[in-house]
Amino acid sequence: MPLDTSSYSLALLRVDGRRWNELRRINAQIRTQAAADGSSYLEMGHTKVMCVVTGPSEPFGPARVGRTGAGAGATAGASGGEAGVVVSIVVAGFSSVDRKRRGRGDKRIQELQSTISSALAASLHTHLFPHSTISISLHVLSQDGSLLAALINAATLACVDAGIPMTDYVAACTAGSTSTYAANDESADPLLDLNHQEEQELPGLTVATLGDSDRVAVLVCESRVQVSRLEGMLAVGVDGCKQVRAILDRVVRDKGRKMVQEGTVQKGVGLEDMEVD
Amino acid sequence: MSSQHVLLSPAELSYLHASLSLQPLPLRPDGRSPTQFRPLVAETGILPGTNGSARICFADGTEAIVGVKAEVERTVQPFTQDTQTTQDEGETPAEDERRKEEVGGSDWVEMTVEIPGYRDDDPTTVFLGQMLQEALLADGEFTKRLRINGRFHWKIYLDILLISPPLSYPLPLLSLTTHLALLSARLPRLKSEGDEDPLFDDDWAASTYVYPRDNNKKDGKDGNNKVVARPPVTLLVMAVGNNIIFDPAREELAVADVALAVSVGEETTTTTTQTGGDDDVDMEEGSTPGKRRLRLLSVRTIDPPSRLTPPGVPNATNTAYTAPTGTAEAKTQDGARTLETERVEGVWKAPRGGAKVMVMAALVAKVLEKGGVADEVLDGLEAVDLG
């Protein structure tokens with residue numbers, strides 16, 4: 001299904017009717033699951049992801065470690081003085097249009113796991129939990145582009161829900177460019193938040209930043225792109241990350257306020273200093 | 001899931017076992033009655049990209065999502081068909097046609113189970129998947145619904161995701177979620193006729209349910225059209241002492257004498273008894289509140305984790321407890337032998353041997369009881385809005 005780039009240059013509207021700098025609808029929930037230490041549900045357009053965090057907890061015996069080593073997840077962080085962050089991703093067979101089953105040994109999934117694991121290990125204060133494991137299990141229910149970004153955002157929200165101290169949100173977003181690698185046109189626009197169709201056709205990258213700052217935590221680019229386009233794409237991506245961060249923050253604050261109102265948790269001392277209104 | 005250990009001491013296990021085998025009613029750790037299910041939250045049609053989907057959350061926090069995907073597949077023609085018809089001389093073409101319609105392959109359904117922390121080729125997950133698939137196929141009705149024409153059929157992929165960590169043996173949860181997902185599953189309406197290459201209506205609103213509804217009968221509660229037939233459910237039942245306990249939690253399963261997975265389906269004759277007049281079946285049912293005839297589809301014993309629990313040591317044979325004497329060594333050897341044979345009151349000992357036939361029969365009878373748990377569960381699931 002070729003992307004009709006000519007129509008973009010006419011109306012400056014993308015296939016799903018967005019402008020170049022518009023995000024898809026992001027809908028997120030935290031504390032979706034009672035049994036877990038932390039959990040979240042995130043929709044970016046039609047990409048739907050669920051995350052469950054267990055821990056920080058003591059690793060379960062040698063059998064568990066062996067199983068992890070056998071390919072159930074990717075670990076980051078030293079085992080001694082810091083908590084290990086184990087990420088395991090399950091891509092449901094029904095998530096894409098045609099049913100396609102992916103085993104856990106799939107190289108692409110392993111790469112996603114290790115990317116998320118190292119990104120979060122850098123933001124979480126793992127040194128506070130020596131000899132323990134934070135296990136993050138992610139479930140992909142529906143895929144429509146920007147999968148890595150959605151996974152990172154969901155994992156961040158679940159870690160916030162689990163109450164694991166962290167430096168700041170790791171907010172992620174994708175960016176692309178309207179011109180292909182071959183076409184050397186000068187009027188190419190950078191695009192924010194690619195959907196599946198755009199991801200197939202156009203060069204794109206996933207970028208995650210640490211909170212509101214411009215500090216890039218993750219940068220993954222798997223397509224060929226002209227180097228002159230890269231700066232524009234990155235700038236748009238980082239800008240998108242700030243928007244995503246604001247959305248995630250609002251979700252967390254809304255849930256926190258609701259929980260205080262319902263009396264689930266006591267209003268903390270620190271909460272009064274923050275602007276909660 | 002015998003690998004799923006519960007970290008309880010022999011003393012705790014003994015206490016649990018004693019309270020669960022109390023007469024007349026067992027005392028369960030979570031205060032439920034022996035036939036009570038955990039309360040649950042259910043929703044269907046959550047994923048628009050699937051043919052049918054459902055999500056169930058049990059009150060203890062375990063959660064599962066099931067998605068159904070369907071693909072058109074070419075039916076493999078059995079090679080022996082011609083030779084068979086020549087052998088059966090009396091068979092008319094009409095009968096042959098009828099028999100062909102009844103045929104449905106067990107490979108028309110593919111089921112996968114994903115449990116976080118377990119590999120997909122782990123014996124536990126494979127066993128769970130097989131058990132659920134077996135129940136679905138034992139019905140014999142399900143694969144018939146997947147037939148398109150003589151040359152093509154639907155292949156159904158059922159992907160079962162356990163979202164939460166496996167806090168208890170997830171079989172009932174997965175089974176109920178699969179049940180709802182199948183109920184909400186829809187297939188595009190067939191436009192072509194006969195054995196042509198299938199052509200479907202691309203209007204999703206015109207699609208038909210895999211388990212069809214009766215448009216005339218409305219469910220009282222939410223205006224759902226009454227489902228004529230339903231997929232099976234698999235219930236987990238266990239026996240402790242003389243008590244039968246449904247939907248056991250993890251700790252309860254850790255002291256089970258016998259654990260059974262019982263799959264129950266609905267008798268397909270329900271439609272005729274509902275619409276039809278005064279045959280004897282109807283009269284028989286008139287006395288019971290639930291107008292449903294349950295059918296046993298399959299029974300599987302589950303290896304309860306209780307078999308792997310460490311036994312307690314009675315004081316009589318405990319060398320640390322009795323004063324060590326010169327003959328201590330001989331005494332402990334003696335004690336070890338008695339430990340193997342005798343059961344001391346209040347000291348935990350893992351159950352040995354298989355399930356007794358009487359116990360199995362009692363368990364199955366309890367499940368199939370009219371107005372019993374299976375009825376209650378099916379009633380509960382009927383109340384779920386199928387969107």
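Reader: What does the accessible surface of chain B come to, and what percentage of it belongs to carbon and sulfur atoms?

Author: First, a caution: this is a predicted model. The accessible surface of chain B comes to about 18,700 Å². Carbon and sulfur atoms hold 53% of that surface.

Reader: How many residues does chain B have, and what percentage count as buried?

Author: Chain B has 387 residues. Of these, 46% count as buried.

Reader: How do I read one helix, say α4 of chain B?

Author: Start with its span. Helix α4(B) covers residues 123-138, 16 residues in total. From first C-alpha to last it reaches 22 Å, close to the 22 Å expected at 1.5 Å a residue. Next, see which residues are buried. Among them are B:Leu128, B:Met131, B:Leu132 and B:Leu136. Then check what follows the helix. Just after α4(B), B:Gly140 takes a positive phi of about 80°.

Reader: Is B:Thr125 in that helix buried or exposed, and why?

Author: B:Thr125, found in helix α4 of chain B, is buried because its relative accessible area is 3%, and the cut-off for buried is under 20%. Now look at its neighbours beyond four places in sequence. B:Thr125 touches B:Val113, B:Ile115, B:Tyr118, B:Arg119 and B:Asp120.

Reader: What caps the N-terminal end of α3 in chain A?

Author: A:Asp106 does. One of its side-chain oxygens lies 2.9 Å from the backbone nitrogen of A:Arg108. Helix α3(A) itself covers residues 107-123. Its 17 residues reach 25 Å, close to the 24 Å expected. Its buried residues include A:Ile109, A:Leu112, A:Ile116 and A:Leu120.

Reader: How do I read a loop residue such as B:Ser192?

Author: B:Ser192 is in the loop between β6 (186-187) and β7 (208-209) of chain B. Then list its contacts beyond four places in sequence. B:Ser192 touches B:Asp197, B:Pro198 and B:Leu199. Its side chain reaches the backbone nitrogen of B:Leu199 at 3.1 Å. Distance in sequence is another thing to compare with distance in space. B:Ser192 and B:Ile148 are 44 residues apart in sequence and 9.8 Å apart in space, C-alpha to C-alpha.

Reader: What area do chain B and chain A bury between them?

Author: The size of an interface is often given as the accessible area lost when the parts come together. Here the two chains bury about 2,400 Å² between them, 58% of it on carbon and sulfur atoms. In chain B, B:Lys69, B:Glu114 and B:Ile163 lose the most area to chain A, together 21% of what that side buries. By contacts, 32 residues of chain B meet 24 residues of chain A.

Reader: Which side chains meet in a salt bridge across that interface?

Author: The rule finds one salt bridge there. It joins B:Asp159 and A:Arg99, at 3.0 Å from N to O. The rule also finds four residue pairs in polar contact across the interface.

Reader: Which strand of chain B gives the most to the side that touches chain A?

Author: Three strands each supply at least two residues: β3 (63-74), β4 (109-114) and β5 (152-162). β3(B) gives the most, with six residues.

Key: Residues are numbered from 1 along each chain as its sequence is written. Chains are lettered from A and ligands numbered from 1 in the order in which they are written. This is a predicted model: local features need pLDDT of at least 70, side-chain atom pairs count only at pLDDT 80 or more; totals for chains, interfaces and linings use all residues. Side-chain values use heavy atoms; hydrogens and water are left out. Buried means under 20% relative accessible area, exposed over 50%, partly exposed in between (1.4 Å probe, protein chains only). Accessible areas come from the Shrake-Rupley method with a 1.4 Å probe; for residues, only the protein chains shown count as cover. Helices (H or I, at least four residues) and strands (E, at least two) are DSSP runs, numbered from the N terminus. The expected span of a helix is 1.5 Å times one less than its number of residues. Contact means heavy atoms within 4.5 Å. Buried area is the accessible area (1.4 Å probe) that two parts lose on being put together, summed over both. A salt bridge is a side-chain nitrogen of Lys or Arg within 4 Å of a carboxyl oxygen of Asp or Glu. A polar contact is a pair of N or O atoms within 3.5 Å; within protein, one must be able to donate a hydrogen and the other to accept it, and residues adjacent in sequence count only if both atoms are side-chain atoms.
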